[in-house]
Every structure is written in C-alpha cells, then in structure tokens.
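This report examines selected features of one protein structure.

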Amino acid sequence: MSATTSYIGKSVKRVEDKRFITGKGKYTDDIILAGMVHGAFVRSPHANAKIKKIDISKAKAMPGVIAIFTGADVAAINGVPCGWQVNFKNGDTMKEPKHPLLVADRTKHVGDPVAFIIAESREEAKDAIEMVSVDYEKLSCVTNPAEAVKPGAPLVHDDVPNNICFDWELGNPKSEVEEALSKASHVTTLDFVNQRLVPNAMEPRSYIGSYDETSDKYTLYTSTQNPHLIRLLMCAFVLGIPEHKVRVVGPDVGGGFGSKIYHYTEEALVTWCSKEIGRPIKWTSERAESFLLDAHGRDHVTKAEMGFDKDGKILALRVKTFANLGAYLSTFSTCVPTYLHGTLLQGLYTTPKINVDVTGVFTHTNAVDAYRGAGRPEATYILERLLDLSALEMNVDPTELRFKNFIPPFDGVKQPGYQTQVALQYDSGNYHGVLEKGLEILDYKNFRKQQKESAKNGKLLGVGFSTYIEACGIAPSAVVGSLGARAGLYEVGQVRVQPTGKVSVFTGSHSHGQGHETTFAQVVADKLGIPMEDVDIIHGDSDTVAFGMGTYGSRSLAVGGSAIVKSIEKIVEKGKKIAAHKLEASEQDIEFVDGKFTIKGTSKSLNFAEIALTAYVPHVYPADLEPGLDFSSFYDPKNFTYPFGCHIAVVEIDRETGKVDLKRFIAVDDVGNVINPMIVEGQIHGGVAQGMGQALLEGVEYDEDGQISNGSYMDYCMPRADDFPMFETASQVTPCPHNPLGVKGAGEAGCIGSTPAVVNAVIDALWSSGKKVKDIRMPLTPERVWKAMN
C-alpha cells in the first residue's frame, strides 16, 4: 500500500502471524537463561485438610535437588492481594483472608501448594515430589456456593462466618421491585446454574524468576496479559521490592481469555526464590495443573424473576445470585459478579425497576475470576433466558416482546446517553437495528413455517434469540474507583518518530492473540499518512514501555488505541510548528493531510519524513521549540464503551438420543467503528465458539470430596470445528461518541450473546413439541436433553 492509502477499516493481514505460523514465536517456556533451574510443586490432594507434619528430608537428598521451600519458609511474606474492594450492604468491608504463596497449616482446595521443589531439571524436580511426606488430616468440604452459606457448612476460613465474603446490592430498593412484581400480569421465574468453566488457553502459564546480584535487580518473565500490573502488585503488596528494581517481561502469549490477567502466587514465588538460591528458576504449568489452578470462570447459582404488564411491557426484574469465589480471592474476582454483572442487568430494555442481590461465597474450590466476558455473559444469560421463556409462557413472539421493550435509538451526541437503573450510562445504541438485521438474515417467518413442517416429519427444530449489551473499554478511573477498583485503569501510548520518519510505538496494552501489532500499526499509519511497514509496535516489557494497565475487558483499541491517537495528535501539532517555520507561514495556515504538511490553498508542502529529520537536525527550527518528535499520553476515558448485538441460534434435536445439532448461527454485532474487519470477525467467531462450548459441552464437575471429576481433555469436552455450522456474521456501526476512534470493543461479544441463544433454541424446540420445559442445566448434553424430553 502507498503512503496515502487509508488503513482504517481495511482487512489487513496480521503482521505478527508470520512468526507464529513459522514457529518463530517466543513464549516464556522457550526462554533459557544461563544457570537456569526448574521448579515443581507439591500440591494438596485434599480440598480441606490440616497439615499435621511435612517431611522434606528424603526429597532434599534426591539427585539434582537444589532447595525445597515450605509454607513455614514464606510465612512472613504477604499474600497475593485482591485488586477490587466490594462492601456489604451495610457498608462493612468485604472479608479478605490471606492467600499465601505456600500453605503452612490448612489446605483449602485441591491443588493448594504446600512445598516448592527446585532442581537442575524439570524431571528431577517432579521425581522429588513423590519423596515429600505430608501428614494430612482430611476434613469435610463444600463446593456449592448456595450450600456453603447454610448454617453448619464447613468453613473455608475460620475467621469468615458462613463463608460470606460480601453481600452486595444494587438498583432500586427491594420494596419497590416487590411492589412492581406484585402488580404484574405475568411473572416469569427461573432458577438456574451458570456453570464453572476452565479457560483452557493454548499456552499453559509459565514463569521465570531471575535475580542479578550485581545490579540488585529482579527479572520476571511471565505469560501474562498485563506486565506492569503484575510488577505493581508483586512489588507493592507481596514482596515489598522497589518497582525500579523489578523488570517484568511478557513475551509472546498463547491465549489467555482472562486467565492470565491475575497475579498468581507462582509469579511471586519464583521471583523471591531466585534471590534465595542465586539462580534463575522456571516453572511451567502442566495441563493437569491448568485444569486445577488457572482461575476458573462463571459459577453462579441464581434465582431471577421478571414481571410484565398486560401489554407485555417489563415492569421489574429481581435477581438473587450466589457467586462462587473459590477458596481465595483472585485479582478481579470480587468485581466480576458485582460491577461487571449487576451493572449490566438493564440489558437493552427499559425495565423501570431492577434489584440485584449478590452474595460472594468462599468454597473449597479453585479461585474464580474473569473469563472471557466476565460477568457480562452471566447478566446476559439471565435476561435473555427470561425474555424467551416469558414469551413462551405468555404465548407471544420472542422478537415482538423484545421490540416492545427495547430502549429507543440514541447516538450519545444529539440524544444523551441512556441512564440505567443499575449505575451505568450507555454511550450510544440502536438495538432495534441489530435484531431487524438478524431476522432478515434468518428469514424468520419462513423459519416458523419450516419448524411446523419439521415437527410433522419427526424432527424438533428450535430458534433462540439473544440481544445483548456489554460494558467494554474497562478504564474510567473515576468510575471504577467509585465502584471499588484499587488501581486506575487508564492506558499509556508513546509514539516516537525516528529521524528517518519511521515510527516506534510503545503501548501498555499487551497482546495475547488480539493482533495489536497489526491494528495499532493501521491506526498510526492511517493517522500519519505513512506505510504500515514504517511502524513498529512494542509491548510487554516494563523496562521498555513506561507504564500500562494491560489487556482485558475489550479495552485495547478503545483505551490503548486512544492513548496512541492522543500522542499522534501531539506529534502532528508539533509538526505544524516546524513546517510553518520552514515554509515561512503561519501555523494556522498549515494543514496535515496524507502525510504532508501543506500551506492551505498552495502546493507548498513538506512530507512527514522531512519534518521528522528537521526535528532531530534542528538547523532551521523555531527558537522556542525543543528538538525531537516523541510524545507519550495517558488516556483515561469518560465512560465505558457499550457494544451490543443480536445472536440467533437454530438447532435440531434428535428425539431418540437428545443430541443437539446446531444448524445455523447468526451474529449481528455493533462494536462501533471497526479498524480491521477481518480481525473483528475472527474475534466474533472465537467468542461464539466459546459461548456455544458453555451451552452444549463444557462445565467443571466437583465431587463430594472437592475433586474435579473431569479435569482432563478425556473428560472435559471442548468445542471442535465439526460441532459448528459456518457462522453467519453481519455488522451495524453505531460509533462510540467519547473516544477519538469511535470504537467500542469486540473481543468478548461472541461469548456473551451466543450461550443464551443456543439454550433458548433448545427450549423453543421442546416447547414446539409440547414439552414445556423451563430450563435444562448447562451444558445441554444429550443425556440432559433426553431426560428433559422424557
């Protein structure tokens, strides 16, 4: 492409893919440091057990073993902190028990680490595990959050009564919601479980801690989504090391889906131990450990009620959720069921009265935190299941029920943003448009005819709808601070123009598969009128990038991209001053278009590279202007962004086996302006696959002893390509009015709208055959569907 080519809105192939598909990517486990040794953990086989005695003497004598650390050795070190404070309804602060690096007294979930073995090789470290003798006193446990709060349930932490971390409420007073429901012509009630999921990133977590005695400096290589946040939490809250003494490097990261946002105990431990033994230490999770210990997602037990008047208008919504937090608080775990879930329960509807009550519960399970979508899928599932089920119960069309209750279109400029009953104010939206487009693609009227014909032929066809909204661009520091965040959530973008006109961009956003090196380069090249090949995107190293808050919550472009744009604006502004001086013109008469600084109305101009060279060779230069062309910006937006869309699933159910066959899936998404349509479509496809995985295939199962009974790919069913039809995607564009790119975010949309659409389709198919089933617990396995039919 030429320098004057517009890059924004073009499906440019991802530049980073060349190194990935040719095996040239460099992940943490690929890194080998001089003198590096390896670590392995002795982990508890019990969900709840007292450690009566631990004997490491035989293990220390094993070949290659260098050191073994136990809970007693690290007892004085602070635990890993939670980054979000949630208060009880009465104002009391949430319960926040210590999350130790190694357990010394009582293990609280299967896999809790009790010892860390360091050896010359990974194999020698693993061999020594068997030689560590731990005398456990096994205790009873509880894994279900609704059961854990009942009197007499086993306690996870002795100082947390009834296992309740917090009891939180948002929205209208309960009395007002109760009154509205009492006056409703129809109330739909649904009790359900939004089941626990394993993230299953392709690359397991991996960390290398290193200490250099000469410089008194630590380096942590980590498969993380946010290097700077890891450094902040580890230095300020856990190890107490000055930040300038710690470098955190995130190399290529093979997927995360949220599971690599958090500061894990293993990161702090390998860093601390590296100084203790004087050598670099690598620990890489095995897949079995990933199933057990990568922060899980979802796990809500919910009762929801939605009331309607005689005309089908929603009057009120009441939600009570028990949210499983696991045994310890993870970095954002308390935020997910509250401010990322409760605040989205307005959905796309004008519901005038809403009350949500969430009890966060400790159980003898692994920590639960943000998994792709993070609270938004749980909120959407509640609303969209209630809408479709209400339509069935009232014998009205589910699409007409939605149209009747949609918030009217607004652009956030001429019409103000929509203030919800649950704290947030939406930026812009045209919710009718996405459903109308989805129905057109489906050919809805014809489908209903086909459904009736199929029933005559012994086939069960069903269609399910989901019209969703999500809060993305997770950032506004003032907003998140008022909601409990213990850090600001801005982003940093530095743009450095080299003397030759080439551009280096340093971003605090860190890619783990999103295509930042392509999309950010498109933005920079487009704004500066230079070839994409002249732009280099640098990320993932706290010594190279000044600061940043990382990648999650579909914030990369809306926040990280906007920070870069702000720096570009400063470069152009300075470039105009330089051009005006060289062209002997007024600065106000200089315009910058297609990479050229031109005197308006003339052909006199200087190109971008000429201005760059002048900035670094300032012979003919404004006297009051410093040399160089290098700017950094912190961008902290005014509001979240609010993508939305319509997902439609068509299923066919086998009457004999209960197997659900997904025949069609339509996704119409509005993510604001789009920089690279191909990347956005890929994000939608991936999210839809994960959402369908939850609906039909995935789900963690704990037994009565707190053991995961399906903790491997032999038992935990992941979605595969042949489980799906070709997805039918379409888009609508409603720009975000408050960021310079007009973007909203696309990384999580697919898994937010898809899950309820699939479940709704199955329920619709059953009702079409006369089986008035209200709910089937996810995943909708053939056995569960067959039992519901029979």
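## Aromatic pairs

Phe547 is buried, since its relative accessible area of 15% falls under the 20% limit for that class. The structure under discussion is a predicted model.

Across the whole structure, a search finds 28 aromatic pairs. One of them joins Tyr211 and Tyr218, whose ring centres are 4.8 Å apart; the planes meet at 50°, so this pair is tilted. Tyr211 is buried at 17% relative accessible area, and Tyr218 is buried at 8%. Tyr490 and Phe547 also form a tilted pair, with ring centres 6.4 Å apart and planes at 35°. Tyr490 belongs to the loop between helix 13 (477-483) and strand 19 (491-497), while Phe547 belongs to the loop between strand 21 (535-538) and helix 15 (556-583); the pair therefore ties together parts that are 57 residues apart in sequence.

Ring pairs also link Trp84, Trp168, Phe332, Tyr339 and Tyr552 into a cluster.

## Charges over rings

Arg205 lies over the face of Tyr264, 3.8 Å from the ring centre. The charged end of Lys320 is placed over the ring of Phe322, at 4.8 Å from its centre.

## The second largest pocket

The second largest pocket has a volume of about 380 Å³. Its lining consists of 21 residues, and Phe41, Lys126, Ile129, Glu286 and Glu289 lie nearest its centre. Strand 1 supplies the largest share of this lining, six residues. By type, the lining of the second largest pocket comprises eight nonpolar, six polar and seven charged residues.

Terms used: Residues numbered from 1 in each chain as written. Predicted model: local features only at pLDDT ≥ 70, side-chain atom pairs only at ≥ 80, totals over all residues. Heavy atoms only, no water. 1 Å grid on protein atoms, 1.4 Å probe; cavity = no way out; pocket = protein on both sides within 12 Å on 5 of 7 lines; lining within 4 Å. Points joined across faces, edges and corners; volume = space filled by probe spheres on them. Helix = DSSP H or I, 4+ residues; strand = E, 2+ residues; numbered from the N terminus. Nonpolar A, V, L, I, M, F, W, Y, C, P; charged D, E, K, R; others polar. Phe/Tyr/Trp six-rings, centres within 6.5 Å; stacked < 30°, edge-to-face > 60°. Buried < 20%, exposed > 50% of the residue type's maximum accessible area, 1.4 Å probe, protein only. Lys NZ or Arg CZ within 6 Å of the ring centre and 35° of its normal.
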